Amino acid sequence: MSGVRRVYVEKKEPFAVAARQLKEDIEGFLGIEKIRGVRILIRYDVENISDETFEKGCRTVFSEPPVDDLYKETIEIPEGTSVFSVEALPGQFDQRADSAEQCLQFLNAEEKPVVRTAVTYLLAGDLTKEDVDRIKAYCINPVDSRETGMDKPETLRTEYPEPDNVQIFDGFTDMDAASLKKLYSSLGLAMTWADFQFIQTYFRDTEHRDPTITEIRVLDTYWSDHCRHTTFSTELKNIEFEDGFYRTPIETTWQSYSDTRAELYAGRTDKPVCLMDLAIMGMKKLKADGKLTDMEESDENNACSIVVPIEVDYGNGPETEEWLVFFKNETHNHPTEIEPFGGAATCLGGAIRDPLSGRGYVYQAMRVTGASDPTVPVAQTIRGKLPQKKLVIGAADGYSSYGNQIGLATGHVSEIYHPGYLAKRMEIGAVMGAAARANVQRLNSDPGDVIILLGGRTGRDGIGGATGSSKAHTLESLTTCGAEVQKGNAPTERKLQRLFRRPEVSSLIKKCNDFGAGGVSVAIGELADGLEVNLDTAWRSISTWYPRNMRAWTAQNLPSPNPRSVWLLWLRPKIRRNF
């Protein structure tokens, strides 16, 4: 007999807002007027809990009795009703299930519950198979979810096959151009063909051996546009200005840049004109003129920070104290384009992580986005893309969900509608944070220092995020890029924000880095110029949320495990015993 229990939870009719909204979308947006009713139920499968915990959970965790109806094990499906269920893809972080597991443990700390969730849709009406398929296509984003059956599983435990050893590209250094090009094309890399040729030369002339798939994937991550900013560093040689309203101010700005560049780079030939240079020239000029005296400088590459004297009163009268004020913005155009909710959620979460890893607490946010016309019928959607309405609504839901869970106010929101955003959506999140300067150390590592991985559980999502967001969006992106979009864990990041506010914690940290799309390899590698990392130890420490060993990672040709809400901290050796 199965040890798995199942419950369905449905909002009572006055509170079934999501079901009514979906019915309106089906009628108006999909043009299916034969739909008579829509019901949406959240399905929970749970294992490893006692009868007492299960009964309490039904009333306090799975449902809210005043607004929800709860059905145990099965639901009645009226005649003539179409039904289907949707679950997260294997390895995708399911925040609803994760939160349910934590809440159940509050009821009984001795138990280790396992929860899986799905969403069940009941569609009433004289619908054809084609109608139902169109509704399924609207409800299911293949990037992060899939249709699942109605049968209850015997167990929720996941069994993983024993993986093969790490693949070595035998003969890589001796490949001719044609064979090397064929290998390059088969790997789906974000790096350029010239980069791949350079790697062959390096391993042939310097390492005198063939590389492993892991080394190729790590290099692809480090050299991706996301991590290396290749596009912004591309040399600009032929610059022309088109006629138009903005030509004069643009030309004036360009001339100011050129004059400043000639002044600051006099006699230098190693600084090509590029977008990155354009972006930072103002800062360099202010610094050269002695007007940028309040910027904090350190080896940590987190958020931009300035030193601000403020007046505080801790009960003994007013006094002046130095604080660090952090600024950070992040774009998640590609992730939001293929998975609106998760992409926009981690746009905000990613922006928060940088000042947080700098030991700052984030107080304020801003959101600026760009979309094409969201009122265009779904039939006019470009093949290989999601409808603009789904992008707009899903991204707004994802951003607000993360902001509300972490407790961050967004003071300014602006969405720009323009046909140019039909090619790819714009998703920008910006934040401001602050921390008392006395509680923040900016130190470098020493031999014997300890690296601690601190954070919460996510899934296999995010693997390949840096390289994936560096590639062009294609017709296959929605079906092949699922693992690349990170799923944030806002409640855990909220806990970390509060932890880092405590001086007894933040003052212990010598150096800190957040886990971004680059994963373990980039996050650890940015902490010091040289490191020796025991990957087996690192893997065991994160195995709670990524239950595969290192060989599984490399055998599947994945760049690195990427638990999204994890921070890396350098601590003094003496802290190891007490932290």
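Residues are numbered from 1 along each chain as its sequence is written. Because the model is predicted, local features need pLDDT of at least 70 and side-chain atom pairs count only at pLDDT 80 or more, while totals for chains, interfaces and linings use all residues, and side-chain values use heavy atoms, with hydrogens and water left out.

**First stop: α6 and α7**

Select residues 193-207, which form helix α6, together with residues 213-222, which form helix α7; helices (H or I, at least four residues) and strands (E, at least two) are DSSP runs, numbered from the N terminus. The two helices pack at an angle of about 130° with their axes 12 Å apart, where axes are lines fitted to C-alpha atoms, for helices over the stretch in contact, and angles run from 0 to 180 degrees between N-to-C directions. α6 and α7 are therefore oblique to each other, since angles under 35 degrees count as roughly parallel, over 145 as roughly antiparallel, 65 to 115 as roughly perpendicular and the rest as oblique. Now show the side chains of Phe 196, Ile 199 and Phe 203 on α6 and of Glu 215, Ile 216 and Leu 219 on α7, which make the contact (heavy atoms within 4.5 Å).

**Second stop: α10**

Move to residues 275-288, helix α10, whose 14 residues reach 20 Å from the first C-alpha to the last, close to the 20 Å expected at 1.5 Å a residue (the expected span is 1.5 Å times one less than the number of residues). Centre the view on Met 281, where α10 has a kink of about 40°, the bend at a residue being the angle between axes fitted to the seven residues ending there and the seven starting there. Just after α10, select Gly 290, which takes a positive phi of about 75°.

Ile 306 lies in strand β7, residues 304-313. Leaving aside residues up to four places away in sequence, Ile 306 touches Asp 294, Met 295, Glu 296, Trp 323, Leu 324, Val 325 and Phe 327. Select Leu 292 as well: its C-alpha atom is separated from that of Ile 306 by 9.4 Å, and the two residues are 14 residues apart along the chain.

**Last stop: α13 and α16**

Finally, select helix α13 (residues 388-406) and helix α16 (residues 490-500), which pack at an angle of about 40° with their axes 8 Å apart. α13 and α16 are therefore oblique to each other. Their contact is made by Tyr 402, Gln 405 and Ile 406 of α13 and by Ala 490, Pro 491, Glu 493, Arg 494, Gln 497 and Arg 498 of α16.
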